[in-house]
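Student: Could you walk me through how to read the features of a model like this one?
Tutor: Gladly. Let us take it one feature at a time.

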Amino acid sequence: VPSDGGFTFELVPLEDVVAPVAIEKASHENWLDPDSAANAKIRRVWVLGASIGGPEAVRVFLGQLPAGYPALFLLAQHLGDEFVETMTRQLTRSIALTVRTPAHGDRASHGEVFIVPNDKRLLVEPNGVVVLQDLTEQPAYRPSIDRVLEDVAERFGASAGAIVFSGMSDDAADGSKAIAARGGKVYVQSPESC
């Protein structure tokens, strides 16, 4: 049937339109090879540790940074599971950096904020590959800021840093010592602004 727009229409039986079409299957499978991730290097990691009083200070701090900032941020925030998604949404709306909860096998890059899960151990390899492991022990606080800081210190040495915001426990004290012992920088929120 000719039409005025230069298009033509043809009536086709419905069976032909919805009939299954054979798709050629690839002869190989694609696997994530962490050793082949050479182009996803992480050169700087900052762990942001905060407890109950920290969400607003963290938001204000991250809100000052431009998109693409040359570092990866890991936010270890003591919050109940029911508040993590709300905090993630609020950060996403109010800062220029990309905020996400990483999955096992994801690739990390600078300019991102990863929310550390309460129920997994988050490891980021220097090539950018994210590894999530089941917790082998139940820490007093979840996520364990000390554990995150110690893991980052071990993998990134002097390229790691810690910024500890308002809290109500000593979680982050030992981890900050691990960062400093490897040459990394440690900053803490002043008591006056907590």
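Student: Let me start with one side chain. Is Trp-46 buried or exposed?
Tutor: Trp-46 counts as buried because its relative accessibility is 11%. Buried means under 20% relative accessible area, exposed means over 50%, and partly exposed is in between, with a 1.4 Å probe and protein chains only. Before we go on, a word on the source: this is a predicted model, in which local features need pLDDT of at least 70 and side-chain atom pairs count only at pLDDT 80 or more, while totals for chains, interfaces and linings use all residues. Residues are numbered from 1 along each chain as its sequence is written, and side-chain values use heavy atoms, with hydrogens and water left out.

Student: Which aromatic partner does Trp-46 have?
Tutor: The general idea comes before the case. A pair of aromatic rings is described by the distance of the centres and the angle of the planes. Rings of Phe, Tyr and Trp (its six-membered ring) pair if their centres lie within 6.5 Å; planes under 30 degrees apart count as stacked, over 60 as edge-to-face and the rest as tilted. The structure holds three aromatic pairs. In one of them, Trp-46 and Tyr-187 are tilted, at 6.0 Å centre to centre and 40° between the planes. This pair links distant parts of the chain, with Trp-46 in strand 1 and Tyr-187 in strand 8 (residues 185-188), 141 residues apart. Helices (H or I, at least four residues) and strands (E, at least two) are DSSP runs, numbered from the N terminus. As for Tyr-187, its relative accessibility is 45%, so it counts as partly exposed.

Student: How should I read the two faces of strand 1?
Tutor: In a regular strand the side chains alternate between the two faces of the sheet. Here, Val-45, Val-47 and Gly-49 lie on one side of strand 1, Trp-46, Leu-48 and Ala-50 lie on the other, and all are buried. Strand 1 (residues 45-50) is largely enclosed by the rest of the structure, because six of its six residues are buried.

Student: Which strands pair with strand 1?
Tutor: Two strands pair if DSSP finds at least two bridges between them. Strand 1 runs parallel to strand 2 (residues 72-77), with six bridges joining them, and Trp-46 stands opposite Phe-73 there. Between these two strands the chain passes through helix 2 (residues 55-63), and this β-α-β crossover is right-handed. That term applies if, with the strands pointing away from the viewer, the path from the first strand over the helix to the second runs clockwise. Strand 1 also pairs in the parallel sense with strand 7 (residues 160-164), over five bridges, where Gly-161 is the bridge partner of Trp-46.

Student: What does strand 4 pair with?
Tutor: Strand 2 and strand 4 (residues 112-115) run parallel and are joined by four bridges, with Leu-74 opposite Phe-114. Strand 3 (residues 98-100) pairs with strand 4 in the parallel sense over three bridges, and Thr-98 stands opposite Glu-112. Glu-112 and Phe-114 point one way from strand 4, Val-113 and Ile-115 point the other way, and all are buried.

Student: What is the phi of Ala-172?
Tutor: Most residues other than glycine have a negative phi, and most peptide bonds are trans. Ala-172 has a positive phi of about 115° although it is not a glycine. Ala-172 is found in the loop between strand 7 and helix 5 (173-181), and it counts as buried because its relative accessibility is 4%.

Student: How large is the largest pocket by volume?
Tutor: The largest pocket has a volume of about 310 Å³. Helix 4 (145-156) gives the largest share of its lining, four residues.

Technical notes:
On a 1 Å grid over the protein atoms alone, a cavity is a set of points where a 1.4 Å probe fits but cannot get out, and a pocket is an open set with protein on both sides within 12 Å along at least five of seven lines; lining residues have an atom within 4 Å of a point. Grid points are joined across faces, edges and corners, and a volume is the space filled by probe spheres set on the points.
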